[in-house]
Structure formats: structure tokens, C-alpha cells
Amino acid sequence: MSESWILTALLVLPLGMAFLILIIRGDEETVNKNARHAALWGTLFNLGTSLLLWAKFDPTTADFQFVQKLEWIGDVVPYHLGVDGISVLFIVLTAFLMPICILASWNSIQVRVKEYMIAFLVLETTMIGVFASLDLFLFYLFFEGGLIPMFLIIGIWGGANRVYASFKFFLYTLLGSVFMLLAVLYMYFAAGTSDITLLLQYDFDPGAQKWLWLAFLASFAVKMPMWPVHTWLPDAHVEAPTAGSVILAGVLLKMGGYGFLRFSIPMFPLASQEFAWLIFALSLIAIVYTSLVALAQEDMKKLIAYSSIAHMGFVTLGLFVLNTQGVEGAIFQMLSHGIIAAALFLIVGVVYDRLHSREISRYGGLVHIMPRYAVFFMVFTLASVGLPGTSGFVGEILVLFGAYKASSLLAFVAATGLVLGAAYMLYLYRRVIYGDLEKEDLKDMLDLSPREMAIFVPLVAVVLWMGIYPAPVLDVLHVSVDNLLANYNAAIAASEPVVEAVAAGGAH
Amino acid sequence: MEQSYPNLIPALPELWLALGALVLLMLGVFRTNHVRRTVNNAAALMLAVAFFLVFAVGPTHQVTFSGLFVSDGFTLFMKALVLLGSGAVLVMSKPYLVDKDIFRFEYPVLVVTATLGMLMMVSANDMLSLYLGLELQSLSLYVLAAFNRDRQRSTEAGLKYFVLGALSSGMLLYGISLIYGFSGTTNFTILAGLYSGGATPSVGVLVGLVFVLAGLAFKISAAPFHMWTPDVYEGAPTPVTAFFAAAPKIAAMALVVRLLMGTFQGLVADWQQLVVFLSIASMVVGAFLALVQTNIKRLMAYSSIGHVGFALVGLAAGTTEGVTSLLVYMAIYLSMTLGAFACILSMRHKEGMCEDISDLAGLAKNQPRMAAALAIFMFSLAGIPLLAGFFGKLLVFLAAISAGLYTLALIGVLASVVGAFYYLRIVKIMYFDEPADAFEAPESRSIGLVMGVTAALNSPLSFFLISPLVAWAGAAAGALVL
């Protein structure tokens, strides 16, 4: 395809901008100002490019598009990019959140601005690379490479306990990923290629599938995160600067779900079927348990972090019921959560910038002095709860439909998560926004500035648009998801006669 | 008559260094320390010339000195690395030596003789020339370790290295004698012929091979023969430590590879378990013991033990691609180590050099460029993707998996996660902690140059260099493994 340069442009642009920022010279004031502007324009330009990608994307085929393949490291690692209906929207999501992150850090980051912007731009490249890679090694490179900028973002610009959080984040993720690396190496030898498009056609030995599936689970479950390997997330979220939390919740968590979709399900269908119960169990525990934990939180960021884990429980549940509604709902939920969780962290960031506290009990009655803030907060709270008309509703209802098709018990337990979700979010909203304005230092807090409005307005628009008219998003997904499920069902069907034949052979 | 004159062309770099070292020695002895700067510069120049001579000799397979000496694509690769390592250390050494008041003419001369020994090790095609090269190298290194002779720690390091080194040489010699006694030859080419056809070796040869391997494991500081490494690394003057970490390790690794893959390749099944054991032990020791270090030179010692373990993963595979991965790993290791030591050599307060990890606190504010470079080296040493170190690890594990060594690969990746912790700790101290006393700006341009070049090599720019490096290493490995 002639537009194959788009993906490369998406990767190169942020890097190029990072390099430009690197060579900015001058006194600190000027450098900071230029770095901020350069990063903003770079990410905005990338957003435009990603929208172009979406516009040119052909939703009628499940094939990979915008494919670009070049020789790279010997014959082991080619430079191979491409997107299909599953990955293209994650790229758009990433590009959409980046300028918002830069804007959100405009005033709150005052030290080492240059390095900060460079870290974010490099992070953007690695995130887009993850979703655009069509080669196992290239995927791993980007998947792990993103750890370095994120580690620095949490560790340098984070809160009081940032060192602990950054180490926990890094080592947890690394430990999970090295198992995946071994699986990747094994797959390379078993199939004789690291090309994802070819691996999708390859039938792995059923015995090996189990181990490979578990190795990928080790990585994606940490990234997602699934209970019980979720404990790094609340720490990382609480300590990260606002924009770091936004990227973490908005994009990094989605890599786990994307990994399941790209690798675990299509490449190891038999193992996916076999271990679905495990995913269901972990998902339901995540949904119920972390929702209860969220109810008990005193720290706003921690509460939202736990709510993220619960929402990711919906995603994994939807993915592994393996029907159209479930998978499409899961993807939609990931995209919508990417926006909503990001928005909620930004909401917390607004009051944190003013009062430097995330304690819920430090606030109360903000509606009296910050009416615009209260409105935005309400929209995102309700979206997180899954109110019809917001994007949260579409994802959750589709997942519940899918789960119900698989088992009514699954749907029942998952639905309690919705109730609990409403409980903790509304409880948070009541404590922060409603009530009397009693605390002295709250009384002179300013309402949203134009810069902050510029951050929230597009987020609200997207949340409502995806809630009211989700068709453009679902249309992009549809063919690719159908193709995924058709291949999955074919693989399952193909394996069954073998099992019977073996059983019959044993009987003789 | 013709046969009585050996063909000298393949040994040109060695002859050049041998003659040059003697000239420099004479110059130094008779003109004493007035010429130490000249000697230093001349030595660096000689290493550079030797580097070009190595390429002038070229990758064609040539055997000379009655089969004692070999020159091929493999020796070309390894000699280039050794000379790069020695040369880079030599140009970085002066500021430290001047600071400690031990800038004497013997230093460059000893570096040149040690390098000469290493080149001979790389080119050894017989147990005799192996031992000759090894001892020339070792004796020079013993003296270098004790070079700061007025300081107790340095002399202790030298003595310790000497005693343990002598022990290992003893084991090596014993092993050589056993191999000779049971096979009747010390020549690598003949030995390779004896065991290539799947012939069962006598127990004596195997026992001898174990002893030789133990002696060489000491030289590459593979666990459990690593005990000397932390003490010697810490006690020796820092440029000497950098030298230890860079060049001799590569030369000794070349020996191990030539011996196991070039000579005893037919006995893969017999030595593979040994290498697997050395590899696992080194990775684990390197990863866990480094966690508790407070001195950066000690930390680098354990780090180097760990990296030898990772490189041996490639050798354990016992295949050509395994050797290729080992060669690539050593090349990347060289660039990481040289860079890290360039940073360590720049750790200078007003009161003098310092080597505590805590002295790095807040380096990112005081010396942002040096901090960025050291961070690149640390992430690269940890093997995090986007940096060169990852490709080294990727290739050795690739070789291990293709050879079916799943347990080894699993332990390897877990050790690399543990190892990541202490590399990250240095990044944390530099970037997250509040500044300590600021370092003085590095005055030496050559240290800055080495730091900059190696940082660029390890940065994502390495994406463009990995491909030719792998191709070159593949050619080198192909020349060795027949």
C-alpha cells in the first residue's frame, strides 16, 4: 500500500521531536518554554497523522494494512509494521492522549522539563510501536523499551514514595516479560519465523501451546494488571505525576489486553480454551475484590487505580468468553477506559495541583467554588460507572451480553461489579464535591483555567460520542474480530476430531 | 631451507608490539620519567598501528611457527576487540594516574606487553603457545594490579591475584599434561582431528580438559572461580580495573571458545554440562552478590562475573550460532564496560577520586551528560530493550533455546531480572536522589570521547550497527567452527 509510510512517520515523529528538544540550548526559562511547545506541537502533529491513519483505514478487510517490511538485524529481526482493526484504534488512543498529557504537565512540571518531555516523546514511540509491530521481536523491543521512560517519569517527577513505586513497576513488569521473551524465542524456532502474520497461521503443538500461553499470561497479566499481580499498579499510580498516571491507565494497561488479542487467543487457541476458566476466575475476583478495596480507599488516585483493575477484569472476562459481543465489548471497554481513567486522573490532578493532597478527606464542597470542575468530574464519574449515553456503558453492556452467552453465573457476578463501581465512584464524588465548604484553604481555590478546559472538553466530547454513537469505532473492529473468532473456532473444531481419534485409538 | 624460516606475516601485529614494547622499555629505563608522556602516547599509537596490522593480515586462515600460531577470521575479530579495549583504557588512564602520583613509564609498557600476551592467546593453536601467551599476559597484569605500590589495597590486590593466578596456571598446566599424556599431542589442529569423528576420548583427556577449563574459568572469572575478582577489581587502580574488565576477559574468552569449539568440538556432549554449570553459577553469583555492594568497582566486578555467565550461555549451545552470539555479546560487553569505566574514571571530587556508589547521588543535576551516559550503560548492562545490551542477551538466549537448553535460558532471564535491580539502583541514585558533592568536570578530553562514543554505540543508534556486527561475528564464528 502506498500509505505504508504513515506508521513509520508515527514512530519517527516523536523521536525526532525528542531529539530536537535534546539540542535546545539557552537559559532555563527559555529551554523549558521551548521544550513544552515543541512537545505539544509534536504530539498534536502525531495526533493528526494518527487520524489520517484512521481515515485511510479500510474496515472491510481483516488483513493487515499500511504494511511496511524492511530487512533489519540479520535475518532475525525485520522491521515489519502494519495494523488491523484491532490495533489501529489503540494507536489513535495513544496519539490522542499524548497532547493531553503534555498540556496537563504544562505548569505542574517545573524541574527538568526538557528531560520530562523527551521521556514522554520516547514513550509515545514505544507505545505506538507495540501496537504497530508485526514482528515478535520488534513487539518485544517496544513492549519492554517503554519501561525505561516510564521508570524515569515515575522516579524523577513522582511523589514522596516514588523510588519504591518505580522499582516495583519496573521489576514486576520485567519479571513478567522475560517469560514472554523465552516463549518468543521458542516460537521463533518452532515456527521458523518471527513474523506475526505467519505465526497467526501456524498451528503450535497443543502441548507446547499450554506453556507458551502461560508464559504470555505471565507478562500480560502483570501489565493488565490482573489479580493477584496487580499490586504494583496502585503504587505506581499514586506516585506517578498526573500525566504519568494518565499514560499508565490510558495506554500501558491496554498493552496486556492487546497482547491477549494478538498472541494468546489467535496463536494458542487450544490453550486459550483450556485456561479460560482461570481467566474467568481471576477476572471475577478482580472485579469484586478490587471494587471492595476501592470502596475503602482514602486516597483519590489509589481509588481510581483500583477501579482500573476492576475495569480490566471486565476486559479479560470479555476477551475470553470468545464471542463477538464479548471481544468487541472488551476492546471497546479498553478504549473507553483509556479515555475515562485518563480523564479521572487528570481530574484528580487538577485539585492536586492546587492543594498538593490526594486525601479525599481534605476536600469537600468543591461544587460551591468550582462549578465547572464539578460538572466535568460528574461526567467522568458517571462514565466510569457506565451510565447509558457514555462510552463506559457500551463496553460494559457488550461484555455482559457476551458473558451471559457463555454462562449466566459469569454475567451475574460481573454485574455486581457494576453496582460496586457505582458505589465507590459516587461515594468519591459525594465526598469531594458535595457537602458544605468548610475547610478554609479550599475557599480560595480557582475553577478550571482555559488550559484545563482545553484538556477536558475533548475528553468529554469523546466519551459522549463513543457512548451515543459507537458505530464508527465498532465498525473498525468488526471484521477483524470476526476473523479472529472464525480462526479460533476453526482451530478448536480442527482439534476435536484428533482428540476423538486418539480416544478411539486408545480403545482398540 | 625454506622451512626453517617461519612465515612471519600472520604474526605481524604481535611482532610489532613485542619490538615496540622493548623499545619503549629501553626508552623509559634510560631516560626515566622525563619521557613518560612520550611513552604513554607512543604506546597508544602502537596499539592503534597494531589494530590496523590485524586488519592488514586479514581473515584468511594461516598457520605458522610449525602449527603453533594461527590467524583467521576468528582471531581477527577477537584481536580487534582486545586492541580496542586496551587502547581505550590506555588513553583514559592518565588523569587517574597523575592524580594518584603513579604516572610512570612502566604503566604503558606493561599494558602493551599484556596486550601482546592477549593477542598470542587469541592466536594460540597449541597448548604451548596458549600457555606462553597466557603467562605473558598474567604476569603483566599481576604487576599492573599492584601498580599503586605504596597503597596497601593495591599491593594486596596484586599479591592475591598473583597467588590465585599461579594456582590456576598450575591447574591449567596439569590439565595440559594430562591431555598430552593421553592423546600424544598438544596441537589444536591434531587434537581436533582426533575427536572430530565421534571417537570416544580416554578418561585422561576428559579429566585434563576439566582442569584446563577450570584454569581458563579463573581467567574469565566465571563462578565458582571468581573469588579473586571483587578484591582485585576494588584494590587495583581504577584504570587497571577497567583494563581487567575489558581486554583480558575477551582474550581468555577467545581461548575458551577456540579450545572448546575449535578443538574439542567433537566432545560437545562431554563439556557442555560443565559450561552450563559455569554459566548458571556465574549468572547467579553475579546477580545476587552485586545487590549488596557499595563500591562501584566491586559492583562492576560482580557485574562482569554475571556477564561472563551470559556469554557462556551462547557457548553452552555448542553451535556456530552460539559462538556468533557469544562474539556479539563480548563486543557489546566491551563497549558497555569501557563506557561505564569512563564514567567511573570521571568520578572526581575536589579531594580526589572516589568510588562509592553513593557519591553518584544527584549526578543528573551536576553532570547531566555524564549521568545520561552512565544511565545508558546501566540500562544496557541490564539488557533492557532499545539499548545494545538487549541484543546481546537476545542472541545468546536464542542460541540456547535453539539448542534445547530451556532451563539454562530460564535461569538466565531470571538472573537478568535480579541483575536489573542493581543497575537500576545506580540510575536511581543518579536521578532520583538529592545531589551530593558535585564532581569536578572531567578535564581529560579522551575520557569524554570514550564515554561519548560508547554511549552512542549503546544507545538506540545501535539498531543500525547490530546487523553488520552480527554478520561479522558470524563470519568469525564460521572461521573457527569447521
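**A tour of the chain A and chain B interface**

Start between the chains: across the interface of chain A and chain B, two residue pairs are in polar contact, both at pLDDT 80 or more. A polar contact is a pair of N or O atoms within 3.5 Å; within protein, one must be able to donate a hydrogen and the other to accept it, and residues adjacent in sequence count only if both atoms are side-chain atoms.

This is a predicted model: local features need pLDDT of at least 70, side-chain atom pairs count only at pLDDT 80 or more, and totals for chains, interfaces and linings use all residues. Residues are numbered from 1 along each chain as its sequence is written, chains are lettered from A, and side-chain values use heavy atoms, without hydrogens and water.

Now select the side of chain A that touches chain B. Strand S2 (74–83), helix H5 (136–145), helix H6 (147–157) and helix H7 (162–191) each give two or more residues to it. Helices (H or I, at least four residues) and strands (E, at least two) are DSSP runs, numbered from the N terminus. H7(A) gives the most, with 16 residues.

Color by residue type. That side of chain A has 25 nonpolar, five polar and four charged residues. Here Ala, Val, Leu, Ile, Met, Phe, Trp, Tyr, Cys and Pro count as nonpolar, Asp, Glu, Lys and Arg as charged, and the others, Gly among them, as polar.

Next, go to Val473(A), in helix H20 (residues 471–507) of chain A.
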